[in-house]
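Have a look at the sequence and the 3D view, then go through the points below.

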Amino acid sequence: MKPFHILITLLITIVAVVCFAQKAWAFCGFYVAKADTKLYNQASQVVIARNGDRTILTMANDYQGDVKDFALVVPVPVVLQQDQVNVGDPQIIEHLDAFSAPRLVEYFDPDPCNRPMYRSSAAAPGNTRGGGTRGGAEDESDLGVTVESRFSVGEYDILILSARESNGLETWLKRNGYRIPKGANQLLRPYIRQNMKFFVAKVNLEKFEAGGYQFLRPLQMAYESPRFMLPIRLGMVNATSEQDLIVYVLSPKGQAEITNYRTVNVPTDSEIPVFVKNEFSDFYKAMFQTAYTREGKKVAFREYAWDMGSCDPCSAEPLNSEELKKAGVFWLTPSEPNNVFITRLHVRYTRDKFPEDLMFQETSNTQQFQGRYILRHPFSGEMKCQAGREYQRSLMQRFEQEAQTLAKLTEWKIQDIRKKTNVTSSQTAPWWRTIWP
Amino acid sequence: MKVIRALRWAMLRQDPRNYQILFLSLFLLLGIGTRDWTLRPDLILVVMVTCLLTQWVAVSIWSNPKEKILDSLTKKQTCNTELESNLASSPKLLSLKSAMITALGLSLLLRADHYTTMMLAGSLAILSKFLFQVERKHFFNPANFGIIAALIFTGDAWVSPGQWGDDGWYALLFAGTGGLVLKRVGRWDTTATFLGAYALLEAIRNIWLGWTWDVYCHRLMSGSLLLFALFMITDPRSIPNARISRLLWAGSIAVVTFILRNQFFVSTAVFWALFALSPLSVLLDYIWSAPRFSWLSPPPNVDRCSVENKAADTESEQYSKV
C-alpha cells in the first residue's frame with residue numbers, strides 16, 4: 001500500500017502545484033498586427049464538416065481593425081495547396097447561426113372558461129459573432145522555415161509554412177513584417193514539434209477593393225487528417241479576457257463532443273416571464289454566464305444538436321443542399337436524402353481553464369437537443385366562470401415560479417424580476433377593449 | 001451458528017466485489033446527478049438484465065468442473081465447515097456479483113442509441129469470460145471486451161472520454177475508493193505502474209513539445225483515465241498473476257495507450273490498448289506462473305477439506321472488475 005499512497009500523494013501534489021498557471025489569453029490563431037492597432041478577437045465561429053478523416057474547416061471573421069493590418073496564423077495538420085483553400089460565403093455562417101441559435105417559444109393560455117386550442121409561435125436568435133485571423137511572407141531557409149506553398153485565393157494571399165524551430169519561425173515572421181505577440185514563440189514550438197504546418201493569410205488590398213467587399217469573408221480549407229482538433233492555444237496569446245468560440249460540427253453520423261473537456265447541455269426548456277421577450281439577448285447572455293460560472297468555467301456547452309433536415313420550432317429554415325455544400329458538407333449525393341447532423345458547441349475559454357487545444361470526436365448519438373426557453377402568455381380576456389377565477393389565482397403562483405426560475409438562471413435580482421413581471425401582467429388589456437371590434 | 005454467521009458476514013465484507021458494486025453505483029449516481037450525463041435509465045436496465053441473465057445461463061451451461069468436485073464433496077459432508085459449503089452451494093448467485101460489476105462498468109462507460117447495442121455489449125462481455133479462457137482463467141476484461149465489441153460490431157456505440165471533466169475532487173474520490181478496493185485485491189502495483197508509466201511518457205512528451213505544465217496536468221487529470229486505471233485494469237481475474245508480469249503488462253498498456261492517443265489520435269486509446277494486450281497476460285502467466293496457479297488445479301493428494309477451502313477461495317476471488 002505504501003507505494004500506492006506515495007504515488008497518489010505525489011500525483012495530487014503535482015496536479016495541485018501545476019494547475020495554478022499564470023494568465024495569458026482566443027482562437028485558432030492569433031492576430032498579427034502590422035501597426036499598433038488595438039486588436040482583439042473576442043468571438044469566433046468555426047464550421048467543421050467532417051466525415052472519416054476528411055475535414056472542411058471554415059473560419060469566420062469578426063475582425064474589426066483595418067483590413068491592411070489583418071493577418072492570421074493557424075497551425076494546420078498538413079500542407080495545403082491552392083485548390084484546398086477557398087473563400088466561403090459569410091451568409092452561410094449567418095444562416096447556420098440563426099438555424100441553431102437558442103430560441104424562445106411562446107404559448108398563449110386558452111380561455112379557461114372555454115377550454116380548447118393553443119397556438120405557438122417561435123424563435124428569437126441568440127447572439128454570436130464571427131472570428132477572424134492572418135500572416136505574410138518570403139522565405140529564408142537558414143531560419144529553418146520553408147514556404148511549402150504560396151497562393152492567392154479571393155482577397156487573401158496565403159502561405160503554408162513549415163518550420164524546424166520556433167525562433168526561426170518567429171524571426172521569419174518578424175522579418176516579413178508580421179508583428180508577433182509576445183510569448184508566441186513558446187507556443188509555436190509544440191506545433192512545430194508535432195510536425196504541423198502554419199497557414200498564414202493576409203489580405204490582398206487590391207483584390208479586396210476590386211471585389212468591393214465590406215467585410216472579410218470566411219476562409220475554408222479542406223484536408224485529410226486523423227487529427228480532429230481546434231488549436232485554441234495560439235489564439236490566447238493576444239486576447240485579454242474570456243473569449244467565445246462557436247463551433248458548428250457537421251457530421252453524417254450524429255453529435256460531436258469534446259473529448260478533453262466536458263461537454264454540457266445549456267439549461268433548456270425553462271418557463272420564464274414573458275417580459276424576457278423584449279430582452280432575450282440580455283437574458284441569454286446572463287444565463288450563459290451563470291451556467292459558465294457554475295460549471296467552473298471549464299466546460300464546453302452544447303447549444304444545439306439536431307438533424308439538419310428539420311427543426312421544431314424553427315428559428316430559421318434548415319439549410320438546403322446547396323447551402324450545406326457551401327458550409328463544407330462534401331458527402332451529399334443527389335440521389336440520397338441529406339444526412340447531416342449539426343452540433344453547435346459554445347466554448348467560452350480563458351488561458352487558465354483551457355490549457356489544452358480542443359480535441360473532438362464524432363459519435364453516433366442522434367439525440368436531439370436545443371436551447372429553448374418558454375414564454376406562456378396568460379389569457380387576457382374576461383373570465384366569469386369558476387374555472388376562470390381559479391385560473392387567475394393560479395397565475396400568481398405561476399408568475400412567482402417563473403420569476404424564480406429566471407432569477408436562478410440569470411442571477412438577476414428577484415425583486416427586479418417581480419417588478420417587471422407585475423408590470424407586464426398588469427398590462428393585460430382592459431375588459432372593454434374586447435367588446436367592440 | 002452465531003460464529004458461523006459472523007464468519008459469513010466477515011467473509012461477505014471481505015469480498016471486494018461488494019465494494020466495487022457500491023462504488024461503481026455511487027459513481028453512476030454521481031455522474032447522473034452532478035455531471036448531467038444524458039444517461040438513459042432504460043439502457044442501464046437493459047445492460048444489467050442482459051449481463052445477469054447471460055451470466056446465469058453461461059454458468060449453468062459451462063458448469064465449472066471444480067464446482068462439480070466441490071458439489072460432490074459437500075454432498076458427502078465430510079467436512080464440517082458449514083460456511084464454505086454454504087458459499088459453495090450458491091456459486092451462481094455469487095458469480096452474479098461479477099456480472100453486476102460488468103454491467104455497472106458498461107453503464108458508466110459505454111453509450112449507445114439502441115437496446116440491441118447494449119444487449120450485444122452486455123452479453124459478449126459476459127460470454128468472453130467463458131469463451132476466452134486459458135487454464136480456466138479468462139484473459140479479457142469483460143467490460144472492456146463488451147465496449148470494444150460494441151464499437152466494432154455496431155454503428156451506434158461510443159465512449160465519452162471527457163464525461164468526468166478534470167475536477168480535482170473526482171480524482172480524490174476515485175483514488176480513495178479505488179485504493180480501498182485495491183487494498184483488498186492487492187493489485188495496487190498494476191495501477192501504480194500504469195499511471196506511473198503513462199505519466200512519465202506524457203511528461204517526456206510535454207517537455208519535448210514545450211507545453212506548459214498545466215497542459216500536462218490537464219491531460220492526466222482526466223476522470224476517465226483515473227477510473228480506468230483504478231477500476232478496470234486491476235481486475236484480478238483477468239490480469240497476470242505474478243507481480244513482475246503485472247508490472248510489465250501494465251507498463252505495456254501505458255505505452256500502447258500513449259502511442260494510440262498521441263500518434264493515431266484515438267480518443268478511446270486506453271480501451272483499445274487493454275483489449276490488444278489482454279492476450280499477453282496468458283503468455284506472461286505461462287512464463288511467471290507456477291506458484292500463482294496452485295488454486296486453479298488443486299494437487300491430487302490434498303485432503304478434501306483443504307480442496308473445499310480452496311474452491312471457496314477460488315469462488316470468492318471470482319470478482320471481476322469494471
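Chain B is built from 16 helices and four strands. Keep in mind that this is a predicted model. The predictor gives the complex an ipTM of 0.79 and a pTM of 0.82.

**Chain B overall**
- Of the 322 residues in chain B, 47% are buried.
- Take the contacts in chain B between residues at least 6 apart in sequence: 80% of them join residues at least 24 apart.

**Helix 2 of chain B**
- Helix 2 of chain B covers residues 16-34, and its 19 residues should span 27 Å at 1.5 Å a residue; the end C-alpha atoms sit 26 Å apart, so the two agree.
- Pro16(B), Arg17(B), Gln20(B), Phe23(B), Leu24(B) and Phe27(B) are the buried residues here. They take up an arc of only 130° around the axis, so they end up on the same side of helix 2 of chain B.
- Over on the other side of helix 2 of chain B, you'll find Leu29(B) and Gly33(B) exposed.

**Helix 13 of chain B**
- Helix 13 of chain B runs through residues 243-263, which is 21 residues. From first C-alpha to last it reaches 30 Å, close to the 30 Å expected at 1.5 Å a residue.
- Its buried residues are Ser245(B), Arg246(B), Trp249(B), Ala250(B), Ile253(B), Ala254(B), Thr257(B), Phe258(B) and Arg261(B).
- What do the buried residues of helix 13 of chain B pack against? Their partners are helix 10 (188-209), helix 14 (269-277) and helix 15 (280-287) of chain B.
- Just past the end of helix 13 of chain B, Phe265(B) has a positive phi of about 55°.

**Where the chains touch**
- Chain B puts 37 residues into the contact, and chain A puts in 37 residues.
- On the side of chain B that touches chain A, the elements giving two or more residues are helix 9 (168-185), helix 10 and helix 11 (213-220) of chain B.
- Helix 11 of chain B supplies the largest share of that side, with seven residues.
- Sorted by class, the side of chain B that touches chain A has 17 nonpolar, 13 polar and seven charged residues.

**Nonpolar cores**
- In soluble globular proteins, nonpolar side chains tend to be buried together.
- The largest nonpolar core here has 104 residues, and the ones touching the most other members are Val47(A), Phe199(A), Val247(A), Leu250(A) and Ala327(A).
- Ala327(A), leaving aside its neighbours within four places in sequence, is in contact with Val47(A), Ala49(A), Thr58(A), Ile92(A), Leu96(A), Leu250(A) and Leu319(A).
- There's also a second, separate core of 76 residues, which includes Ala99(B), Trp188(B), Phe194(B) and Leu225(B).

- Chain A averages a pLDDT of 79, with 81% of its residues scoring at least 70.
- Chain B averages a pLDDT of 79, with 76% of its residues scoring at least 70.
- In chain A, pLDDT stays under 50 over residues 7-41, where the model has 96 contacts beyond four places in sequence. Residues 116-139 of chain A also stay under 50, and the model has 99 such contacts for them.
- In chain B, pLDDT stays under 50 over residues 69-89, with 31 contacts beyond four places in sequence in the model. It stays under 50 over residues 292-322 of chain B too, where the model has 73 such contacts.

Methods: Residues numbered from 1 in each chain as written. Chains lettered and ligands numbered in written order. Expected span 1.5 Å × (residues − 1). Buried ≥ 20, exposed ≤ 12 C-beta atoms within 10 Å, placed from the backbone. Contact = placed C-beta atoms within 7 Å. Nonpolar A, V, L, I, M, F, W, Y, C, P; charged D, E, K, R; others polar. Core = buried A, V, L, I, M, F, W, Y, C linked by C-beta atoms within 7 Å. pLDDT = per-residue confidence, 0-100. Arc of directions from axis to C-beta.
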